[in-house]
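Thanks for coming. I will talk about charged side chains today, and I will keep it short. Please have a look at the structure first.

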Amino acid sequence: MATDRWGIEDRFHDAFGVERVIGDDSRAEVLRAMGVDPDEPAPPPDDRLLRVVRTGERAAVGAGAELLLENGTGRLTVGMDGNLPPDLPGGYHTLLPPGAAQEPVHLIVSPGVCFLPDDLKTWGWAIQVYAARSRESWGIGDLADLRALGAWTRALGGGAVMINPLAAPAPVIPVEASPYYPSSRRFRNPLYLRIEEIPGADCLDDASRAELTRLGEDGRALNADRRIDRNRVMSLKLRALELLWKDFRGDVAFDDYRRTEGDALEEFAAYCALAERHGKDWRRWPSEVRHPTAPAVRQLISDEPRVRFHAWLQWLLDEQLCQASRDVKIINDLPVGFDIAGADGWCWQDMVAENISVGCPPDPFNLNGQDWGLAPFIPAKLRAAGYAPFIQTIRALLRHAGGLRIDHVMGLFRLFWIPRRLGPQGGTYVRYPAEELLAIVALESQRARAAIVGEDLGTVLPGTREILAAHRLLSYRL
């Protein structure tokens with residue numbers, strides 16, 4: 001098996017042990033999705049865009065090079081020996097090589113291993129939050145239910161609760177049911193809000209308070225049906241949230257949250273406001289709002305109250321998740337990918353492969369292979385961006401969490417790309433820079449003091465589990 005400079009494998013062995021050689025059509029489709037001309041040679045891999053080093057490593061960068069530390073917290077000049085200082089803190093820095101003609105380099109300084117206490121020993125549950133309904137739920141389990149389960153687990157002597165992804169769907173009906181097909185992996189689903197715990201209900205006028213009471217009664221009545229009616233829950237909760245938003249007079253904590261989340265939150269909220277107006281698929285929107293950097297979008301972020309409303313929803317979710325994680329360690333779940341038509345697809349469209357989805361080749365359970373419909377990042381473009389989307393995603397999922405389960409951890413090493421025109425039979429594996437991605441996971445894990453679990457079931461490349469163990473990722477067993 002050989003891999004070209006773009007990471008495309010020329011062959012692979014399927015679940016039956018049969019070697020499958022990749023055809024010219026498949027390779028051409030993958031290259032086209034990457035934005036690569038098949039007739040042009042690939043640039044050689046080098047360290048001119050990005051370097052990853054271990055904490056304490058005295059890597060050579062050139063005498064006189066300058067280091068701009070993460071978030072502009074300081075500036076250092078490399079000494080005459082040309083090596084990085086041994087006390088350089090971990091983080092995402094910028095290396096300015098000597099010589100004005102040199103381009104800045106992303107410099108990631110990582111501990112190389114994830115947070116994992118030597119004496120870690122605990123037990124807990126795997127919980128699907130949406131199904132964990134109580135009498136107070138509005139037809140779907142919520143973060144207050146999760147908090148109650150966490151307190152009960154702690155009382156029994158447990159220490160962890162592993163949950164389904166809380167990832168946000170597009171804010172339109174029909175509501176996407178699968179937490180593994182999200183609009184955004186970074187932000188959360190408003191259906192998980194406990195309405196009664198949102199500040200401001202006691203400030204409503206009589207008519208609004210009466211309407212809120214009726215909405216609650218209708219919501220709790222949904223518990224009588226075993227099937228979760230997400231569309232109805234969305235309609236009821238959205239109306240309740242709009243009533244509470246109408247009387248929201250601001251909060252310093254909300255302002256701080258918006259400032260901390262920055263452009264990522266504003267763009268996500270802008271997507272939500274535009275999706276309500278134009279539908280969830282940004283590829284069908286008017287051309288003037290089809291890209292997050294467009295002037296019309298920046299104006300919308302500045303002027304549109306609905307953008308602030310959707311940012312407020314995320315702040316409420318963050319506050320309630322913080323409370324839910326009070327008694328036990330929440331183990332979050334990272335889906336393999338996202339819906340290209342959704343918020344993350346819109347925000348990062350320049351780095352996502354179009355007309356490609358990921359899945360797996362044929363196996364004894366799926367003779368035609370699987371197409372999960374999820375959009376993959378283009379490895380070279382993700383790397384050129386300093387892995388910003390990946391860093392944002394991991395960091396968001398470790399917020400208020402004691403751990404993270406990475407679904408299909410093999411996706412850090414390679415993904416099975418399926419050209420939509422050819423289907424799973426025309427798919428091939430594309431390699432990702434696993435060592436660099438694992439360095440980021442390790443850095444974020446140490447910062448959050450959260451353990452990482454790699455879901456390594458099924459077909460795993462030889463040596464992969466050993467690599468994960470060396471980075472102190474936990475394995476997955478049934």
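Arg 405 is buried, because its relative accessibility is 9% and the cut-off for buried is under 20%. Keep in mind that this is a predicted model. So what does the side chain of Arg 405 meet in a salt bridge? The partner is Asp 407, with N to O at 3.3 Å. Asp 407 is buried as well, because its relative accessible area is 16%, again under the 20% cut-off. The pair also belongs to a network of salt bridges, which links Asp 333, Arg 405, Asp 407 and Glu 455.

As background, side chains of opposite charge can pair when their charged atoms come close.

Glu 29 and Arg 32 are both in helix H1 (residues 24–34), three residues apart, which is about one turn of the helix. Their side chains meet in a salt bridge at 3.2 Å, N to O. Is each of the two buried or exposed? Glu 29 is buried, with a relative accessible area of 14%, and Arg 32 is exposed, with 53%.

Now a residue without such a partner. Arg 185, found in strand S11 (residues 184–188), is buried yet has no salt bridge. Which side chain of opposite charge is nearest to Arg 185? That is Asp 344, 4.8 Å away, and a salt bridge needs the nitrogen within 4 Å of the carboxyl oxygen.

What does lie 3.2 Å from a polar atom of the Arg 185 side chain? The backbone oxygen of Val 336 does. Leaving aside neighbours within four places in sequence, Arg 185 is in contact with several residues, among them Leu 334, Pro 335, Val 336, Gly 337 and Phe 338. Asp 344 is also one of the contacts of Arg 185, although the two form no salt bridge.

Note on methods:
Residues are numbered from 1 along each chain as its sequence is written. This is a predicted model: local features need pLDDT of at least 70, side-chain atom pairs count only at pLDDT 80 or more; totals for chains, interfaces and linings use all residues. Side-chain values use heavy atoms; hydrogens and water are left out. Helices (H or I, at least four residues) and strands (E, at least two) are DSSP runs, numbered from the N terminus. Buried means under 20% relative accessible area, exposed over 50%, partly exposed in between (1.4 Å probe, protein chains only). Lys and Arg count as positive and Asp and Glu as negative; His and the chain ends are not counted. A polar contact is a pair of N or O atoms within 3.5 Å; within protein, one must be able to donate a hydrogen and the other to accept it, and residues adjacent in sequence count only if both atoms are side-chain atoms. Contact means heavy atoms within 4.5 Å.
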